[in-house]
Amino acid sequence: ILIRQYWTVSMGMRGLIMTDMYQGLIAYVLCAALCIFLLFGAQASFVNLSQLPASMLVIPGGAGSTYGPMYMFSLIFTGVIGSMCWPMSFQRIYTASGVRSVKKGTLLTIMLVGGFYGILMLFAAAISQDPNVAAHPQHGWFLSLFDIGGPWLLGLAIMIVLAASIGHVDGCVQVCGTQFANDLATWSKPRSDREKTVLAKVGMVVFIAAASLLAYLTFDYARLQLLAQISYQGIIQLAVPLFFGVFSRRGNKQGAIAGMLVGIVIAIVLTTIYPDDIPALGSLTSGIIGLIFNAGIFVACAIAIKPSAEEVRRVDELFAMAAPARHGVRPIAAMG
């Protein structure tokens, strides 16, 4: 941790970009190459794909599935929308040189991620019938590489997972600490830069401790992917004020706060009752239901509560700053 912090402080944004690149090469390029190499081997051969049981070829919500027709839609929708709402995504955007770079990077990411996950899923399916993997599927990545190549491949598997998780975890912790210091801790009174720095560090420690406790309590959880699904039921509630705020001048803080609170509460209650899906609603997930109520409250408040002239001016100035060329006006410094 000390080495990483020294590197970040010394190298700044350039160091962040360099470490992200190296982590990406190890986590995705090396992993994809390793999976392709193993698919031409004996234990995880392409031939194994032709011998998969029929139960592994059933799409959730399709014929023979225990899920309803809306399950796949719920997973894809919450995954796509939720991925745009994670705060650390915006942290990485600031490393781009401009809007053009962001658009180009997004397009390349779609292609690279699609190729990587396609290769990874082929390897997972090919090795799925290995007795050790079938007995402990959540440890399948490590068990399969250990069975194939012993300690050396196991070490490589651990290195790949670490490279994939370090950037994600680091981004989450930094953003959570920053948001705590800049947004939550300043509600009651203004804070100095030194106080914000201390609060951010304290917030990071608290978040790490909470995450460690959660990881310990859920270590033997039967279906770990449900934890990821549950997290997305909450994070997608940010989508309503986020996207309305980006693309529309309508809306207000009352609708944003009330909508998110109602959406999150509904998602929590329904998730407690239906951790995976809601069978009576075609296997929709709880977050989708919460999002519907969230959007309804946001729109209702936007219609019912008229903004003040000062608020209208402030929003107009923000939109003018964001698109000066399109509107033919010079950027105006936002007030407040």
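Modeller: Ile148 belongs to helix H6, which covers residues 140-184; helices (H or I, at least four residues) and strands (E, at least two) are DSSP runs numbered from the N terminus. This is a predicted model, in which local features need pLDDT of at least 70 and side-chain atom pairs count only at pLDDT 80 or more, while totals for chains, interfaces and linings use all residues. Residues are numbered from 1 along each chain as its sequence is written, and side-chain values use heavy atoms, with hydrogens and water left out.

The relative accessible area of Ile148 is 27%, so the residue is partly exposed; this class lies between buried (under 20%) and exposed (over 50%), with a 1.4 Å probe and protein chains only. Apart from neighbours within four places in sequence, Ile148 is in contact with Leu38, Gln43, Ile127 and Leu153, where contact means heavy atoms within 4.5 Å. Ala44 is 104 residues from Ile148 in sequence, yet their C-alpha atoms are 8.7 Å apart in space.

Such links across the sequence can also be counted for the chain: of the contacts between residues at least 6 apart, 67% join residues at least 24 apart. The protein chain has 13 helices and 0 strands, and 28% of its 336 residues are buried.

How do two of these helices meet? Two packed helices are described by the angle between their axes and the distance between the axes. Helix H2 (residues 71-83) and helix H8 (residues 225-235) pack at an angle of about 65°, with axes 9 Å apart. Here the axes are lines fitted to C-alpha atoms, for helices over the stretch in contact, and angles run from 0 to 180 degrees between N-to-C directions. On the H2 side, the contact is made by Tyr71, Leu75, Thr78, Gly79, Gly82 and Ser83, and on the H8 side by Gln229, Tyr232, Gln233 and Ile235.

Ser283 lies in the loop between helix H10 (253-273) and helix H11 (286-304). Its relative accessibility is 2%, so Ser283 counts as buried. The phi of Ser283 is near 75°, a positive value in a residue other than glycine.

Met21, finally, is part of helix H1 (residues 2-39). With a relative accessible area of 46%, Met21 is partly exposed.
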